Each structure stands twice: as C-alpha cells, then as structure tokens.
Amino acid sequence: MKPVYVCTGGCGGKVSAEDYAAGKTTCATPGCSKEGLPLESRQECEECGAVISLAEVPIHKH
Ligand SMILES: [Zn+2]
Ligand SMILES: [Zn+2]
C-alpha cells in the first residue's frame, strides 16, 4: 500500500503523497462538486490499483 490523496467529489482526482506535501491539498478540477475543498487520505494497492480507506487495508485481499 502507498498513501495517496483523493477527491471524493466525483472528478476522480488523485495525488501522490509527494504532491500533497508539495501543496496539492485541494481539488483543482473546475466544476467538481468539491473544487477547492481538501483531498482525503487513502491507501492505494500497488498490486491491483484499488484505492481504499485505511480501515479497509487489513481486509483487502486478491
Ligand atoms: Zn474534485
Ligand atoms: Zn489490491
């Protein structure tokens, strides 16, 4: 798993931990319902690409 930050407003925006640390902390997609609002912390499975919450990590199986 690797940490990522996602927009939950429907635009599908996702940034890496590096980009988040560099200041990309809000949705920048024009017209997105969460434009300008903070991205949310998630975990991305490097094996299947699924983006899940921290709580789902222990039950994530393939
Ligand atoms: Zn968005
Ligand atoms: Zn997976």
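Of the 62 residues in this protein, 10% count as buried, where buried means 20 or more other C-beta atoms within 10 Å of the residue's own, exposed means 12 or fewer, and partly exposed is anything in between, with C-beta atoms placed from the backbone. This is a predicted model, so local features need pLDDT of at least 70 and side-chain atom pairs count only at pLDDT 80 or more, while totals for chains, interfaces and linings use all residues. Residues are numbered from 1 along each chain as its sequence is written, and chains are lettered from A and ligands numbered from 1 in the order in which they are written.

**Overall layout**

The secondary structure comes to one helix and four strands, and from the N terminus on the elements run β-β-α-β-β. Helices (H or I, at least four residues) and strands (E, at least two) are DSSP runs, numbered from the N terminus. Along the principal axes, the C-alpha atoms fill a box of roughly 35 × 25 × 15 Å. Contacts here are pairs of residues with C-beta atoms, placed from the backbone, within 7 Å. Among the protein's contacts with a separation of 6 or more, 37% come from residues 24 or more positions apart.

**The sheet**

What order do the four strands take in the open sheet? They go β2-β1-β3-β4, with antiparallel pairing. At the edges sit β2 (14–16) and β4 (51–52), each pairing on one side only. Two strands pair if DSSP finds at least two bridges between them. In general, strands of a sheet pair through backbone hydrogen bonds, either parallel or antiparallel.

Here is how the pairs look, with one bridge or facing pair picked out for each:

| Strand pair | Bridges | One residue pair |
|---|---|---|
| β1 (residues 2–6) and β2 | three | Tyr 5 and Val 15 |
| β1 and β3 (residues 40–44) | five | Pro 3 and Gln 43 |
| β3 and β4 | two | Glu 44 and Val 51 |

Over at the hairpin of β3 and β4, six residues lie between the strands, and Gly 49 takes a positive phi near 85°.

**The core**

Which residues make up the largest nonpolar core? There are five: Tyr 5, Cys 7, Val 15, Cys 27 and Leu 39. A nonpolar core is a set of buried Ala, Val, Leu, Ile, Met, Phe, Trp, Tyr and Cys residues joined through C-beta atoms within 7 Å. Leaving aside neighbours within four places in sequence, Val 15 is in contact with Val 4, Tyr 5, Tyr 20, Lys 24 and Leu 39.

Met 1 sits in the segment before β1. Why does Met 1 count as partly exposed? Because it has 14 C-beta neighbours inside 10 Å. Outside the four places on either side in sequence, Met 1 is in contact with Gln 43, Glu 44, Cys 45 and Val 57. Met 1 and Ile 52 are 51 residues apart along the chain, with their C-alpha atoms separated by 9.5 Å.

Leu 54 belongs to the segment after β4. Leu 54 is exposed because 11 other C-beta atoms lie within 10 Å. From Leu 54 to Ala 17 it is 37 residues in sequence and 15 Å in space, C-alpha to C-alpha.

Note on methods: Two residues are in contact if their C-beta atoms, placed from the backbone, lie within 7 Å.
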